[in-house]
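Biologist: Hi! Could you walk me through this one? I'm still new to reading structures.

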Amino acid sequence: MVSIFVPFNEVSAKRPPEIRNQEEIEITKDMHGRDLHGFEFIKEDLREIDFSDSDLRGVVFNNSQLQGANLNSADLEDIVSFASGFEGADLRNANLTNALLMESKFDDVLIDGADFTNAVLSRIQQKKLCSVADGINSVSGISTSYSLGC
């Protein structure tokens with residue numbers, strides 16, 4: 001079992017021991033361009049945090065709050081997100097290839113150019129995302145609507 005230590009008014013994340021010797025990192029409002037691959041965020045308040053251009057490959061978001069988070073151009077390949085809230089988040093041009101997005105909510109998100117190739121999400125969320133899908137991912141060249149199976 002991996003523990004995440006959260007002091008008052010601070011959020012921190014730890015990589016699982018099998019990945020990176022229990023490395024810990026303090027999460028601030030500006031996480032732009034950071035290498036956070038493999039970290040776990042369990043029941044964390046990540047609202048309004050700037051993760052744009054960050055490497056979030058293989059990250060676990062479990063019951064975390066990401067409302068209004070900036071994930072523009074972030075690499076979210078192979079993430080696992082269970083019951084997390086992405087309402088109002090900016091996912092433009094993000095890579096969500098092979099993401100497992102079970103029971104996560106995506107109301108009012110910006111997804112122009114996001115690549116959801118082989119992502120797993122509920123049919124209800126897929127329909128919501130398809131209704132606003134537009135653009136082509138600048139890295140993969142895949143259209144958002146095609147990657148969602150719209």
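Modeller: Happy to! Let's begin with F86: this residue is buried, with a relative accessible area of 2%. Keep in mind that we are looking at a predicted model.

Biologist: Which ring does F86 pair up with, and is that pair stacked or edge-to-face?

Modeller: F86 pairs with F61. Their ring centres are 6.2 Å apart and the planes sit at 90°, so we call the pair edge-to-face. The two come from distant parts of the chain: F61 is in strand β4, while F86 is in the loop between β5 and α2, 25 residues apart.

Biologist: How many aromatic pairs are there in the structure?

Modeller: Four. One of them joins F41 and F61, and that pair is stacked, with 5.3 Å from centre to centre and 20° between the planes. This pair also links distant parts of the chain, with F41 in strand β3 (residues 40-42) and F61 in strand β4 (residues 60-62), 20 residues apart.

Biologist: Are F41 and F61 buried or exposed?

Modeller: F41 is buried, at a relative accessible area of 0%. F61 is buried as well, with a value of 0%.

Biologist: And which residues make up the aromatic cluster?

Modeller: The cluster is formed by F41, F51, F61, F86 and F106.

Biologist: Nice. New topic: how many salt bridges turn up?

Modeller: Five, searching the whole structure. In one, the side chains of D107 and K128 meet, at 2.8 Å from N to O. D107 lies in the loop between β5 and α2 and K128 in helix α2, so this bridge ties together parts 21 residues apart in sequence. D107 is partly exposed at 28%, and K128 is partly exposed at 35%.

Biologist: What does R92 form a salt bridge with?

Modeller: With D90, and the closest N and O atoms are 2.6 Å apart. R92 is partly exposed, at 33%, whereas D90 is buried, at 9%.

Biologist: Which residues are linked in a network of salt bridges?

Modeller: D55, R57 and D75. Within it, the D55 and R57 side chains meet at 2.6 Å, N to O. D55 is buried at 17% relative accessibility, and R57 is partly exposed at 35%.

Biologist: Last one: why does N95 count as buried?

Modeller: Because its relative accessibility is 18%, and buried means under 20%. N95 is in the loop between β5 (80-82) and α2 (123-130). Leaving out residues up to four places away in sequence, N95 touches A74, D75, L76, E77 and D115.

Terms used. Residues are numbered from 1 along each chain as its sequence is written. This is a predicted model: local features need pLDDT of at least 70, side-chain atom pairs count only at pLDDT 80 or more; totals for chains, interfaces and linings use all residues. Side-chain values use heavy atoms; hydrogens and water are left out. Helices (H or I, at least four residues) and strands (E, at least two) are DSSP runs, numbered from the N terminus. Buried means under 20% relative accessible area, exposed over 50%, partly exposed in between (1.4 Å probe, protein chains only). Contact means heavy atoms within 4.5 Å. Rings of Phe, Tyr and Trp (its six-membered ring) pair if their centres lie within 6.5 Å; planes under 30 degrees apart count as stacked, over 60 as edge-to-face and the rest as tilted. A salt bridge is a side-chain nitrogen of Lys or Arg within 4 Å of a carboxyl oxygen of Asp or Glu.
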